[in-house]
Amino acid sequence: MINNSTTDTNSLPLGEMSEGQRGNLYNYILGIADNSLILGQRLGELCGHGPSLETDIAETNISLDLFGQVRSYFQYAAQISGDDAATEDTIAFLRLERQYKNVLLVEQPNTDFGYVIVRQFLFDAYHLLFLRELEKSNDQTLLAIAKKSVKEVSYHWRFSSDWIRRLGDGTQESHERVQEAVTDLWMYTDELFHQTEADQAMIAEGVGVDTAALKEIYYKMVSEVLEEATLEVPENKYFHKGGKQGIHSEHMGYILSDMQYMQRTYPNMEW
Amino acid sequence: MTLETQHIEPHLVSILEAVSDPEIPVLSIMDMGVVREAIEVDGVIQVKITPTYSGCPAMDVIGDDIVSAFAKANKKAKITLVLSPAWTTDWITDRGRKALEEYGIAAPLSPEADKEALLGNKKIVKCTNCGSTETHLVSQFGSTACKALFKCDTCQEPFDYFKCLK
C-alpha cells in the first residue's frame, strides 16, 4: 500500500464531531463496507474454480473491485475510529463474528454457478441503487467513494443481470437451477432495507441513504429482469434477518476462519 | 476537464513522464491521467494520484515508482491518493491512446458506443492486430479490472479492449 496515503477530501473536521456522531458514522461505514468485504471474500473463493475461464476472471475481477472499495471505506473508518492502532487491516481481519455487520445474503455459499449469479444479481441491484444515493451524501469522503464505486458496480450489474437472462432463458436445466437459487435466496433480500440505529442517525444528518425509499424500485428492477429471463418472482412472506446486528448464519464462521487465518496465526504479518 | 483538475509544475513533468504503468509498460502514468497534482513545497514534491479502478493493485507500485524516480533526481516525494474527482478514461491523452493501440489494447470508445459494444449490439471495437471491426465480446472482464476481452473474427486473434469509464 502507498505510504502516507490519505483520502484527500473535506469532511466534517473530526474535532467537531461528538463521540456519538463519530461512533454512528464508524458503524455506518462498516455497515456498508462489510457487505462488499464478505461478498468479495466469497467471490475470491472461486479463483481458479469458476465454471469457465471467462467467468472465473469476471468473478475475481468483481471481487477485486469490491475489495478496492472496502479499502477506501476502512481507511476512512480507521481515521475516525478514535483508536490510533486501527488500520484498514485490523478492521478487516481482527474483528469477531458478532462485530461484522454484513447482510446474510452476501455470506451465502457458492452452492453452484446459479447461486453465485443470483446472489450477485440480488446484491448488485441494491448496491447500484444505494451508491447512486450515496453520491448525494453530505459526507465528502463517502460521496467520493460512491462516485468512484458506482462506475464499477454498473459493470457488475450488467454482468450479473446478463447471466440471469442467459441462465433463465437458456436450457431447461439452467432454468430450473437458477430458479431454485432465486427461490432460495429471495428470503435474504428484505434485510437489505432494514435500518440500524447508526443508519437512522446518519440518514437524519444527510450523510446516509434512506434505504427504505429504495425498496420499491429495487423489487421492480429485479422483477423486470427475472420476468424477462422467464423466471418466477417469488412471493415470500417470510424473510431472514440478523446480519446487520451481527447475528450471522452458520456460514459466517467458516468464512472468517479462512479470511482471518493468516493474521491470527502470524499477528501483524505484512506482505 | 483534464486542464481544470490537473496541476503539475512544469519542471516535474519529465520525471513523471518517465514513470510507466506497471501493467501497461508502454504507457506513461502522465498519459494515463492518474497524476492529478505535483507541486514542490519546501523541497518536497507533493504528488496526488488517483486510481483507475478502486481495486487497482498497480496504484501501490505506481506510488513507489514515483518516489524512486524523484529519489534518482535527489528529490523527496510524498504520495497522496485522491478519489475525487473520479478518474475517467477521458483523461487518457491522445498519445496514451496511441500507445495502447500499438501495445495491442483497443482504446476506450465513447460511453454510448462502449455500452453497445459490451452488450454485443454493434460490432465497433477495432481489432488491434488487423484493424477489422468484425470482432465480438468474449468477456466483459479481461486480464485486469480495466479491460474487456474481445476476439477478432477476421484474423482470429484475441485482444483486450480498455473499457470506457465515465
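Start at the place where the two chains meet: select 28 residues from chain A and 23 residues from chain B, which make up the contact (two residues are in contact if their C-beta atoms, placed from the backbone, lie within 7 Å).

Some housekeeping before you click on. This is a predicted model, where local features need pLDDT of at least 70 and side-chain atom pairs count only at pLDDT 80 or more, while totals for chains, interfaces and linings use all residues. Residues are numbered from 1 along each chain as its sequence is written, with chains lettered from A and ligands numbered from 1 in the order in which they are written. The predictor gives the complex an ipTM of 0.82 and a pTM of 0.90.

You'll find ten helices and zero strands (DSSP runs numbered from the N terminus: H or I of at least four residues for helices, E of at least two for strands). The C-alpha trace spans about 60 × 40 × 30 Å along its principal axes.

Now for the largest nonpolar core. Select A:Ile29, A:Tyr73, A:Leu105 and B:Ile66, which touch the most other members among its 119 residues. Such a core is a set of buried Ala, Val, Leu, Ile, Met, Phe, Trp, Tyr and Cys residues joined through C-beta atoms within 7 Å; buried means 20 or more other C-beta atoms within 10 Å of a residue's own, with C-beta atoms placed from the backbone. Helix α5 (residues 113-134) of chain A gives this core its largest share, 13 residues.

Zoom in on B:Ile66. Apart from neighbours within four places in sequence, B:Ile66 is in contact with B:Leu16, B:Val19, B:Val47, B:Ala77 and B:Ile79.

Where do they meet? Seven residues of domain 1 are in contact with six residues of domain 2.

Note on methods
A residue is buried if 20 or more other C-beta atoms lie within 10 Å of its own, exposed if 12 or fewer, and partly exposed in between; C-beta atoms are placed from the backbone.
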